[in-house]
Amino acid sequence: MRKYLFLVFVFIGCSSKNLKETPKDFVKKDEKYLLLKGANLYSLGKKSEALLVYQEILKINNKNSVALREKAVIEGQLGNIKQAEKDFLKSLLLNSDDNLTLKNLAYLNFEKKNYIKSSEYLKRVSKDFKSDQDYFILGYIEFLNGSYLNSLKYYDVIGDESIFNNSLFFDSYLSSLKQENILNKDVYIRIEDKIKSNKKSTIKLSNFYSTFLKRDDFAERVLKKYLTYNELDKEIINELINIYYKSGDEIKAKKALKLISN
C-alpha cells in the first residue's frame, strides 16, 4: 500500500500488487487488465493517463467499485474534490466494507471540518487496517468534543514519532493529560522518548511539568534528555538555568551558564 503523509491528507488507493492479489473484485478479464494498467500508470506518476483508463473501465462496467475508488483518488489529488467525494460515495454503496474508501472519505471530511462524518467513517475501518494517523484523527476529534479520556485512549496507541512531533497532536495531547490530571510517570517517559530531538516540544513539556505538575525535576530531566541527543542549545540551557534559579540551586545554574559561555 502506498505510504501517505501525516496531516497532508493524500487520497490513497491500491498498488498494482494489491490489485493482483484481489481477483474476487473483478468480473471480466478486460476489466482486470485495465485496472492493472491504471495502477501501473499511476505508480509511474501518469495520473491523467491512469484516470482515462479508469473512466474506460467504468464505461464497460459502471459498478466496478475499485475503478470508482481509484478514479476518485486521482480526482482528489488533481483538486476535483467534489467529483472525488461523489465517486467515493458511489464506490462505498457498491462495497460498504472497503477500507480504502472509508479512509479516504474520513480524510476528506476531516479536511472539510465535518468531524462527525470523519469519525463515523474511520470507526468503520477494520482494526488491522488502521494506522497511527487514523488513531490521531479519532483522538483529535474526541479532544475537540471535550471527551479527553477517550482522546487519550486513541493517543495511547500511537507510536509514530513524526506524529508526536506534530504540534496539533502534541498540544492536544498535553491538554488532554492536563484535563484528566494524568500523573502516570510511564506516560511522560514515553512522550519524552518520542520528542527528544524536538526543541519546541521539549520546552512545552518542560513548562508543563514545571507549571502544571509542579515537578521541576521532570522539567530538568526532559531538558537534559534533549541536550543528550542534540547539540548544545542556548534556549534549552536557559530553560535549565531558570529551573535552577527557581529552586535556589546556584551551583547548577553557574555550571549551566558556563556551557553557554564555552
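Helices are DSSP runs of H or I with at least four residues, and strands are runs of E with at least two. By this count, the chain of this predicted model has 16 helices and zero strands. Of its 262 residues, 47% count as buried. The chain exposes about 14000 Å². Carbon and sulfur atoms supply 51% of that area. Among contacts with a separation of 6 or more, 52% join residues 24 or more positions apart.

Aromatic rings were examined next. The whole structure holds 18 aromatic pairs. One of them joins tyrosine 155 and tyrosine 173 edge-to-face, at 5.4 Å centre to centre and 80° between the planes. This pair links distant parts of the chain, 18 residues apart. Tyrosine 155 belongs to helix H9 (residues 148-155), and tyrosine 173 to helix H11 (residues 167-179). Both tyrosines are buried.

A further pair involves tyrosine 188 and tyrosine 209. Their ring centres lie 5.5 Å apart and their planes meet at 75°, so the pair is edge-to-face. Tyrosine 188 sits in helix H12 (residues 185-194) and tyrosine 209 in helix H13 (residues 199-213), so the pair ties together parts 21 residues apart in sequence. Tyrosine 188 has 1% relative accessibility and therefore counts as buried. Tyrosine 209, at 0%, counts as buried too.

Tyr155 and Tyr173 also belong to one aromatic cluster. Other members include Phe110, Tyr115, Phe136, Tyr140 and Phe143. Tyr148, Phe164 and Phe169 are likewise in the cluster.

Charged residues also lie over ring faces. Lysine 196 is placed over the face of tyrosine 229, 5.4 Å from the ring centre. Arginine 221 covers the face of phenylalanine 218, at 4.4 Å from the ring centre.

Conventions: Residues are numbered from 1 along each chain as its sequence is written. This is a predicted model: local features need pLDDT of at least 70, side-chain atom pairs count only at pLDDT 80 or more; totals for chains, interfaces and linings use all residues. Side-chain values use heavy atoms; hydrogens and water are left out. Buried means under 20% relative accessible area, exposed over 50%, partly exposed in between (1.4 Å probe, protein chains only). Contact means heavy atoms within 4.5 Å. Accessible areas come from the Shrake-Rupley method with a 1.4 Å probe; for residues, only the protein chains shown count as cover. Rings of Phe, Tyr and Trp (its six-membered ring) pair if their centres lie within 6.5 Å; planes under 30 degrees apart count as stacked, over 60 as edge-to-face and the rest as tilted. A charge sits over a ring if NZ of Lys or CZ of Arg is within 6 Å of the ring centre and within 35 degrees of the ring normal.
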